[in-house]
Amino acid sequence: MKRWVVFSAAFLCISSLILWRRAPVSVPVALLFDGQDTAGAVVSRQALQSVVLAMEYFNSRSSSRKFHLVFLRETDPSSALRTAAEMKVSAVVGGISVPSPSILSQASNRFGTAVISLAPGSFLAKADDLVFRPRPGTGGRILGAEAKQRGMTSYSVIVSGFESGYTQEFIRDFEAGAGGPPRRTMVFSGDLNKQIEDFGRIASGMDAMLLVLPDWPASIALRELRLRTPGLAVYASNRAVSHRTPLLAGDIGEGLITSAVLPREWFLEGRGFPGFVADTYGEHIPAITLSIGYDAVAMLDAALDRAGTTDPGAVARALAELERVESSAGPAALGAGGDLSLPQGIFSLTKKGWIPVSRSSSPPPSSVTPGKASR
């Protein structure tokens, strides 16, 4: 009888251990908004929205870890990161617009909190901070090379009056790929009706135009250019990418060319994460933008695996030590600055949205070296 009791107790203990499930670990992640983002509001907000959706997707696939959002009221980097550190969030995710890159870099080190920034450009390409990026490149060089390959010899640029740092860098990258600077540059802001009248002049004698504009003004500029100069090739930075662009530009906008990270076929075909978003919320966010949020969360998820804890200091160290991440484009290496190095491609605007038309080569070897040295 005693043996039976002991056996039964042991059996119950083992069964309880097998059936018992530990509560999932909560991972607090803060979102940092750019309070002065006006012209690019839709693009920037959709990029951050893709991060939120990606967190929900990763949550649905894990029983051991759950991301939850913490919203920061502060919009300046220093105050926001101080608050994030006080709240002990595991990491902060920032949008595509960075008003004070140097302050963001300094604050990440000062408070020891990792920032995954969606912003492109060399202004955050530092190896000694805690800022990490899924989209370090502007895409301008790839787009300029594509324009040159398509026969472009002379072009003008229409730019936004906002985000001057990003705009200037994108144009420099495009110049490098195209092999020469623009003939004319026009700032599209203020009295739009008056400026539209000058479109014919700025496009005169050109065989291509470059738009470095958010989606709404880019759509207006594209329509007006096509009406005045039919057949003129038009290229655009991926700030023009949103669900609104094909609706605003209409049939006349078909053929607009941009560059962006090229996700795997399953991603572009609406399976996996894009399929989850479409089934749950709809298909309004382009796959190009969804992939940004997916890769940001994939970086954080890989760092949490490596750290084995949600402690912000440990997560920051893990991000600095990461060498590879399973990204939307497949297994990808991180560069010396802790940024993802992903292949970029060329996309064309159609009635169905943004469709890839070519795949670029992989990033140069110098940009896919192992991640930041551990601290």
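The structure holds two cavities of 30 Å³ or more. The model is predicted. Rolling a probe the size of a water molecule over the atoms shows where empty space is left.

**Stop 1: the largest cavity.** Select Arg135, Asn238, Arg239, Ile288 and Ile292, which lie nearest the centre of the largest cavity. The volume of this cavity is about 240 Å³, and 18 residues line it. Sorted by class, the lining has ten nonpolar, six polar and two charged residues.

**Stop 2: the elements around it.** Now select helix H2 (41–60), strand E10 (257–261) and helix H13 (287–307); each supplies at least two residues of the lining of the largest cavity. Which element gives the most to that lining? H13 does, with three residues.

**Stop 3: the second largest cavity.** Select Leu32, Phe33 and Asp34, then Thr75 and Pro77, which are among the residues lining the second largest cavity. The volume here is about 100 Å³. This lining has six nonpolar, five polar and one charged residues.

**Stop 4: helix H9.** Next, colour the buried residues of H9: Asp215, Pro217, Ala218, Ser219, Ala221, Leu222, Glu224, Leu225 and Arg226. Among them are Asp215, Glu224 and Arg226, and residues with these names count as charged.

Terms used. Residues numbered from 1 in each chain as written. Predicted model: local features only at pLDDT ≥ 70, side-chain atom pairs only at ≥ 80, totals over all residues. Heavy atoms only, no water. Buried < 20%, exposed > 50% of the residue type's maximum accessible area, 1.4 Å probe, protein only. Helix = DSSP H or I, 4+ residues; strand = E, 2+ residues; numbered from the N terminus. 1 Å grid on protein atoms, 1.4 Å probe; cavity = no way out; pocket = protein on both sides within 12 Å on 5 of 7 lines; lining within 4 Å. Points joined across faces, edges and corners; volume = space filled by probe spheres on them.
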